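Got the sequence and the 3D view open? Let's take a walk through this one together, one stop at a time.

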Amino acid sequence: MKVLITGANGLLGQHMIKLLLDRNYEVVATSRGESRLPFQPSANYTYREMDITNSLETFAVMSNEKPDIVVHAAAMTQVDDCELRPQHCERINVQGTSQVLTDAETFSSHFIYISTDFVFDGEQGNYAEEDDTKPISLYGFTKLQAESMVQTSTIPFAIVRTCLVYGNLLQGTRSNIVSWVRENLEQGKTIKVVSDQLRTPTYVEDLAKGILLIIEKKATGIYHISGKDWLTPYDIALKTAAKFNLDAGKIVKVDAATFKQPGRRPLKTGFIIEKARKELGFEPMSFDEGLELM
Ligand SMILES: NC(=O)c1ccc[n+]([C@@H]2O[C@H](COP(=O)([O-])OP(=O)(O)OC[C@H]3O[C@@H](n4cnc5c(N)ncnc54)[C@H](OP(=O)(O)O)[C@@H]3O)[C@@H](O)[C@H]2O)c1
């Protein structure tokens, strides 16, 4: 079974590839620019440069590789950047997805799109798959537009919505909430952390395992795949400080309204993951267990 991953250099991409190789899948890793992955080419692993905004390059790779399954993780993921560079964001998150999807319809048999809790407005929190979407940022809006395209495609699809992913990259650096707290406290800096947002933070290996279950079961439809603990960023910061023996006194509790950021964040998200538990057998670790693994 051949699986092609877009955005392979990213946090999820790296861990997804590792898990698939561990399970003896044939893997085609694709991303923008050179590989930043710690794997060497082999009989069942190859890296191909593929900028999803370049339709010729995307078609060339997809027609050449003809993957059975596509895991589409590539995206412009920085919420503020999306707001500041709207055309760029739309080009990657919407047009890029359209290109990968069109090629997958021709060459593949299962399309898995990675989406986000930011498709919700954050008023209600504790979201199930069928709850009404209403993004409040351009990032969320473009991810929802991509979801709509996937839902009207001709290929069997799964949409995986996830929430506040944390974990270490296998190679390279990319900030996430835990690494950001840790780095700042290690440098003795004071940090302001929001205490009125709610999330179900997701350990990156759990997300990869959830997607693997979807691949194995050829599951279709929308799935919420996240951690199981409801935490505020402030709770996360306190737990991170405790785990790494850092000074929690440097963590200042603030309201989200304190920050004037270009992109609005939904206040309360977090997922009900019963569907993934029941239909896929998905069971995430606790946030404390995820921290321990970092
Ligand atoms: N991280 C989270 O908290 C979170 C939460 C909810 C949903 N998600 C979704 O989960 C997916 C994976 O996220 P992640 O955390 O792994 O993000 P990430 O670390 O930012 O990875 C995204 C990858 O996509 C690549 N990319 C961007 N533009 C591209 C293009 N035009 N062509 C090809 N590749 C391109 C990036 O390349 P460069 O490395 O060169 O920039 C990066 O490697 C995304 O779809 C995201 O929307 C993430």
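What follows is a tour from the overall chain to a few single residues.

Before we start, keep in mind that this is a predicted model. For the big picture, UniProt has an unreviewed entry that lists residues 1-293 as "domain: RmlD-like substrate binding". Over that stretch, the chain is 39% helix and 17% strand. Its end C-alpha atoms sit 29 Å apart.

Now let's look inside. In soluble globular proteins, nonpolar side chains tend to be buried together. Here, the largest nonpolar core has 43 residues. I17, I112, I211 and I215 are the ones with the most contacts inside that core. Helix 7 (residues 204-217) supplies the largest share of it, seven residues. Zoom in on I211: setting aside neighbours within four places in sequence, I211 is in contact with L12, M16, V71, I112, I114 and V160. There's also a second, separate core of 27 residues, and I52, C89, Y113 and Y139 are among its members.

Y139 takes us to helix 5, where Y139 is one of the buried residues. Helix 5 covers residues 138-151, so to speak a run of 14 residues. From first C-alpha to last, helix 5 reaches 20 Å, close to the 20 Å expected at 1.5 Å a residue. Along with Y139, its buried residues are G140, T142, K143, L144, A146, E147 and V150. An α-helix has 3.6 residues a turn, so residues three or four places apart point the same way. What do the buried residues of helix 5 pack against? Their partners are helix 3 (79-84), helix 4 (86-107), strand 5 (110-116) and strand 6 (157-162).

Next stop, the ligand. There are 26 residues around the ligand, and R32, R36, Y139, K143 and R174 come nearest. One nitrogen atom of the ligand is 2.9 Å from an N or O atom in the side chain of D51. A ligand nitrogen is also 3.0 Å from a polar backbone atom of I52, a residue that belongs to the second core. An oxygen atom of the ligand, meanwhile, lies 2.8 Å from a backbone N or O atom of V165.

P38 is in the loop between strand 2 (26-31) and strand 3 (45-49). P38 counts as partly exposed because its relative accessibility is 35%. The C-alpha atoms of P38 and G172 are separated by 9.4 Å, though these residues are 134 residues apart along the chain. Not counting residues up to four places away in sequence, P38 touches L170 and Q171.

H224 lies in strand 10 (residues 221-224). Is H224 buried or exposed? At 0% relative accessibility, H224 counts as buried. A polar atom of its side chain lies 3.0 Å from the backbone oxygen of Y127, and the H224 side chain also makes a polar contact with the side chain of R161 (3.0 Å).

The side chain of K2 reaches the backbone oxygen of E65 at 2.7 Å. Leaving aside neighbours within four places in sequence, the contacts of K2 include E26, V28 and I69.

Conventions. Residues numbered from 1 in each chain as written. Predicted model: local features only at pLDDT ≥ 70, side-chain atom pairs only at ≥ 80, totals over all residues. Heavy atoms only, no water. Core = buried A, V, L, I, M, F, W, Y, C linked by side-chain atoms within 4.5 Å. Buried < 20%, exposed > 50% of the residue type's maximum accessible area, 1.4 Å probe, protein only. Helix = DSSP H or I, 4+ residues; strand = E, 2+ residues; numbered from the N terminus. Contact = heavy atoms within 4.5 Å. UniProt positions renumbered as here; feature names shortened; annotations may be inferred. Expected span 1.5 Å × (residues − 1). Near = heavy atom within 4 Å. Polar contact = N/O pair within 3.5 Å; in protein donor to acceptor, adjacent residues only side chain to side chain.
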